[in-house]
Structures are given as C-alpha cells and as structure tokens.
Amino acid sequence: MNTKNNRRKRASMQKIEQVLVELLQTKELNQISVSDICKRAGLNRSTFYANYVDIYGLADAIREKLEAQVAELYKDEVEQGFNSNNYLILFQHIAQNQIFYRTYFKLGYDEKYKILAYDYNLAKKHLDNRFIEYHMEFFKSGLTKIIKLWLQNGCKETPEEMFEIVKSEYRGREEIFAE
C-alpha cells in the first residue's frame with residue numbers, strides 16, 4: 001500500500017475526529033453537520049465520507065478508540081486472568097485525556113459500556129457467586145458517577161486521591177484492592 005496515502009488518510013481522520021471533539025464541547029451531536037466538520041477541518045466532504053458513514057459513525061469511531069485505549073491499560077492483566085483493581089492507572093489516563101472522557105460521557109456511551117466476561121468471572125470469585133449482576137452494576141454505576149463528577153469539577157483532585165476515594169468505598173473488601 002502507498003505509505004504516503006496511508007499517512008494522509010490517517011491525518012485526515014485524526015483531524016476530523018479532533019474537530020468533532022472540539023465541536024462537542026459547545027454543541028450537541030445532533031447540532032453538528034458534516035459540513036461544519038469539513039469546513040473547520042479544511043477538508044472536502046468526500047474525505048469525510050471516504051472514512052465515515054455519517055456523524056454517528058464518526059462518534060462511534062471515537063468511542064472505539066477510547067475504549068481500546070482503556071482496554072490496553074489492563075491488557076496484561078486480562079491476558080493473565082489477574083485483576084489488580086488498580087484504578088490509579090485509569091484515573092491517570094482520565095487526567096491526561098479529560099476532553100475525550102468528557103466527550104465519551106456527553107455522547108452517552110457510558111450507558112452502553114459492556115462488562116467483559118473477565119470482569120464477571122472475577123466478581124463471581126470475589127463475591128462468592130452471589131448477586132453478581134447487582135454488585136457489578138452498583139460498582140460500574142458508582143465508578144462512572146465518580147469519574148463524571150471529577151471531570152465536571154476540573155479534575156482538581158489527583159489521580160491518587162481519586163483512587164483512595166474508590167478504595168475507601170470498598171472498606172471491608174480489601175481483597176478486591178490487594179496491592
């Protein structure tokens with residue numbers, strides 16, 4: 001394949017995604033048009049449609065990238081079937097990528113995030129196989145709300161402080177946060 005064209009395509013896609021993220025800081029997705037994105041990115045509509053079906057496909061591409069980045073943070077643990085519950089790594093990633101997490105939440109993707117079989121199996125182990133769905137939903141929802149509030153407040157607390165907050169909510173279940 002032509003490396004020069006591949007680089008150009010990647011650069012165009014990156015620019016389009018960046019512009020959408022910027023626009024989403026002041027507008028809702030349904031208020032943004034392909035024309036708005038192309039004009040601001042300095043690209044033709046044909047470039048947009050060569051890479052994305054529509055605005056929603058573009059939003060999905062951004063979601064997939066962020067979820068892949070988060071999965072990469074814990075890749076070794078998943079492959080080894082081990083969970084350190086080290087949410088410090090997650091909070092550090094959020095602090096470094098605040099605008100993308102704000103975008104993720106603004107688009108409502110947190111409601112569609114799937115709990116992996118890996119997480120489910122570990123929860124069964126730690127929670128004596130009782131009421132797993134309830135525990136997992138409680139933890140996922142609580143963690144999501146804490147992250148949203150932290151972002152809303154400008155990430156004033158350090159990632160270390162946020163990790164301590166999460167750990168403090170699980171007092172009595174120290175095995176979950178074994179270090």
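Which residues of helix α7 (residues 98–106) are buried? They are Y101, T103, Y104 and F105, where buried stands for under 20% relative accessible area, exposed for over 50% and partly exposed for values in between (1.4 Å probe, protein chains only). The model is predicted, so that local features need pLDDT of at least 70 and side-chain atom pairs count only at pLDDT 80 or more, while totals for chains, interfaces and linings use all residues. Residues are numbered from 1 along each chain as its sequence is written, and side-chain values use heavy atoms, with hydrogens and water left out.

**View 1. Helix α7 and the residue G108.** Helices (H or I, at least four residues) and strands (E, at least two) are DSSP runs, numbered from the N terminus. Within α7, the buried residues are Y101, T103, Y104 and F105. Just after this helix, G108 adopts a positive phi of about 80°.

**View 2. Packing of helix α6 against helix α9.** Two packed helices are described by the angle between their axes and the distance between the axes. The axes of α6 (residues 87–96) and α9 (residues 132–152) come within 11 Å and cross at roughly 35°. Here axes are lines fitted to C-alpha atoms, for helices over the stretch in contact, and angles run from 0 to 180 degrees between N-to-C directions. The crossing of α6 past α9 is right-handed; a crossing has this hand if the near helix is turned clockwise from the far one by less than a right angle, and is left-handed if anticlockwise. On the α6 side, Y87, L90, F91, I94 and A95 take part, and they meet F139, L143, I147, W150 and L151 of α9. Contact means heavy atoms within 4.5 Å. By class, this contact has 10 nonpolar residues, with no polar and no charged ones. Ala, Val, Leu, Ile, Met, Phe, Trp, Tyr, Cys and Pro count as nonpolar, Asp, Glu, Lys and Arg as charged, and the others, Gly among them, as polar.

View 3. A pair of aromatic rings is described by the distance of the centres and the angle of the planes. Rings of Phe, Tyr and Trp (its six-membered ring) pair if their centres lie within 6.5 Å; planes under 30 degrees apart count as stacked, over 60 as edge-to-face and the rest as tilted. The count by this rule is 6 aromatic pairs. The ring centres of Y87 and F139 are 5.5 Å apart and the planes stand at 50°, so this pair is tilted. Because Y87 lies in α6 and F139 in α9, the pair ties together parts that are 52 residues apart in sequence. Y87 counts as buried, at 14% relative accessibility. F91 and W150 form an edge-to-face pair, with 5.4 Å from centre to centre and 80° between the planes. This pair also links distant parts of the chain, F91 in α6 and W150 in α9 being 59 residues apart. Both F91 and W150 are buried.

**View 4. The aromatic cluster of F48, Y49 and Y52.** Ring pairs link F48, Y49 and Y52 into a cluster. Y52 is also one of the residues in contact with E17, when neighbours of E17 within four places in sequence are left aside.

View 5. A salt bridge is a side-chain nitrogen of Lys or Arg within 4 Å of a carboxyl oxygen of Asp or Glu. The model has 8 salt bridges by this rule. The side chains of K65 and E17 form one of them, at 2.7 Å from N to O. K65 in helix α4 (residues 55–73) and E17 in helix α1 (residues 3–24) are 48 residues apart, and the pair links distant parts of the chain. K65 is partly exposed, at 43% relative accessibility, whereas E17 is buried, at 8%. Leaving aside neighbours within four places in sequence, E17 is in contact with Y52, L58, A61, I62 and K65. A salt bridge also joins E22 and R40, whose closest N and O atoms are 3.6 Å apart. E22 lies in α1 and R40 in helix α2 (residues 34–41), 18 residues apart. E22 is partly exposed, with a relative accessible area of 30%, and R40 is partly exposed, with 47%.

View 6. R63 and E67 form a salt bridge, with their closest N and O atoms 3.3 Å apart. These residues are separated by about one helical turn, because they are 4 residues apart in α4. R63 counts as buried at 19% relative accessibility, and E67 as partly exposed at 22%. Salt bridges that share partners join D60, R63, E64 and E67 into one network. The C-alpha atoms of E67 and Y109 are separated by 10.0 Å, and the two residues are 42 residues apart along the chain.
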